[in-house]
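Q: I would like to learn how to read aromatic contacts and ring-face charges in a model. Please take the rings one at a time.

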Amino acid sequence: MSTSTIACTSLSFAWPDGTPVFDGLDVAFGPGRTGLVGVNGSGKSTLLKLIAGDLAPVDGTVRVAGEVGYLPQNVTLDTASRVDEALGIAARRAALHAIEAGDVSEEHFETVGDDWDVEERALATLGELGLGHVELDRTIGEVSGGESVLLRLAALLLRRPDVLLLDEPTNNLDLYARRRLYAAVESWPGVMVVVSHDRELLERVDQIADLRSGEVTWYGGNFSAYEEALAVEQEAAERMVRVAEADLRKQKRELADAQVKLARRKRYGQKMWDTKREPKVVMGERKRQAQVAAGKHRIMHEEKLAEAKERLDDAVEAVRDDDEIRVDLPYTAVPPGRTVLTLLDLELAYGARVKGGLDLRGPERVALIGRNGAGKTTLLRTIAGELPPVAGEATAHVPLRFLPQRLDVLDGELSVAENVARFAPEATNNRIRARLARFLFRGARADQKAATLSGGERFRAALAALMLAEPAPQLLMLDEPTNNLDMASVRQLTTALESYEGALIVASHDLPFLRSLGITRWLIMEEGEVKETTADSVGRAPTG
């Protein structure tokens with residue numbers, strides 16, 4: 001078992017504009033696989049960069065026992081370089097080939113060291129990651145985006161680092177490539193910290209580190225165990241809120257009762273004074289005592305009330321504010337049996353096709369799956385009218401909206417409310433704001449410029465703009481909607497789509513998300529064609 005560890009002590013970090021991310025964070029990662037989770041913007045990627053040494057802390061220390069391998073979120077490889085260069089083995093290969101060709105210079109032996117099987121190891125690692133077809137002498141420019149992520153991972157695995165840091169490794173991977181990565185993660189022997197929103201990947205970790213408000217809370221087990229523990233915590237937290245609310249009501253009542261009693265006493269004392277029933281000295285002393293007692297009484301009740309308010313604030317603080325989107329979209333309803341979309345002998349740009357005819361009827365929910373580069377995005381863009389078909393036709397019979405991966409439906413210079421108004425020019429400002437509140441853009445949040453939104457907020461704003469559009473979309477198409485979304489945002493998206501009553505086409509590699517949508521029909525794009533498939537066969541799709 002690996003003895004490598006990562007220790008962050010009193011770690012502080014802020015962005016150049018002064019925005020703080022961590023203030024005195026203490027956290028240590030030991031052997032095993034840790035899933036690092038938290039809402040968008042909580043600092044997960046920043047923490048990995050600090051551990052990897054890509055960022056320097058403002059204060060505190062990061063100590064790592066062992067060598068670190070780091071796979072960043074956006075992998076960029078030099079497209080002109082060769083595969084063996086990307087894997088970091090080009091010099092050793094060249095030296096090996098020179099020795100094999102009879103050149104016995106000392107420098108070649110020094111370069112190779114003990115790594116005589118470097119080429120075999122490289123080919124075996126590529127094979128395990130489903131890249132057996134990628135030759136070591138090929139240039140990077142010829143591999144797809146998903147393959148370049150796996151290539152970068154292969155380079156890390158070949159280096160055999162003690163500590164492996166993975167930031168959203170499955171974001172651009174298709175189903176097949178994801179399975180390869182899951183297998184690599186499961187067989188990893190050292191310390192691993194993985195930041196991911198991929199549920200299936202997080203089911204393969206040993207513990208979850210939940211980063212929230214600059215602190216880490218630990219949960220043993222995988223993501224399902226974490227969710228169960230969280231549900232128990234949430235239940236207890238909500239119960240504490242109810243207890244604290246009841247206590248606050250009681251303290252308010254007691255303060256009001258005390259004030260009524262004191263007012264009565266005051267009136268009685270005044271009456272005595274007015275009628276001169278007792279000697280002045282006695283009445284003066286009684287009045288003074290009454291005022292002291294009243295003051296003490298009032299202070300005691302006010303302190304109790306303040307304490308009750310504090311307890312309530314603390315209890316509310318413990319309840320997670322991962323709100324759900326609740327929308328009512330009756331105008332999106334499509335009657336069963338009504339034809340929503342017709343595809344006829346459709347040939348797409350870049351070579352994919354839909355043979356014969358394909359109809360979409362009523363409020364069907366269609367999952368569109370297939371490898372990266374199979375043509376899923378091209379098909380959606382053709383249906384949306386953004387790309388002309390090479391041949392055949394794609395006809396939508398109802399109003400449709402398309403949410404692309406790039407979320408470029410938003411104008412960054414406009415506020416959230418103004419963006420929605422572009423899609424619903426007839427709607428009043430009040431109506432837009434009332435409906436935006438359901439998408440969790442309340443009050444001033446609706447006035448935020450789209451360019452300043454976080455990834456999750458940006459997605460929510462784009463979804464709101466399309467779902468609240470007029471005429472209401474009765475066919476909604478989403479392309480990889482869960483990429484870069486945190487768990488809370490994925491849940492929000494799922495609840496929003498539950499209330500959508502139209503037809504839905506979702507292209508995604510995220511099987512748990514697709515299953516949560518109640519998919520009624522599965523289409524797969526393979527070998528350049530769209531074919532019908534089933535949920536069961538998707539679950540056990542070949543791994544490449």
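Q: How exposed is W15?
A: Exposure is read from relative accessible area: buried means under 20%, exposed over 50%, and partly exposed in between (1.4 Å probe, protein chains only). W15 has a relative accessible area of 35%, so it is partly exposed, whereas F13 is buried at 6%. This is a predicted model, where local features need pLDDT of at least 70 and side-chain atom pairs count only at pLDDT 80 or more, while totals for chains, interfaces and linings use all residues. Residues are numbered from 1 along each chain as its sequence is written, and side-chain values use heavy atoms, with hydrogens and water left out.

Q: How many aromatic pairs does the structure hold?
A: Rings of Phe, Tyr and Trp (its six-membered ring) pair if their centres lie within 6.5 Å; planes under 30 degrees apart count as stacked, over 60 as edge-to-face and the rest as tilted. The structure holds five such pairs. One of them joins F13 and W15 edge-to-face, at 4.9 Å centre to centre with 85° between the planes. F29 and W218 are also edge-to-face, at 5.6 Å and 65°.

Q: Which residues form one aromatic cluster?
A: Y219, F223 and Y226 do.

Q: Which residue lies over the face of Y176?
A: A charge sits over a ring if NZ of Lys or CZ of Arg is within 6 Å of the ring centre and within 35 degrees of the ring normal. R371 lies over Y176, 4.3 Å from the ring centre. Likewise, the charged end of R460 is over the ring of F441, at 4.8 Å from its centre.
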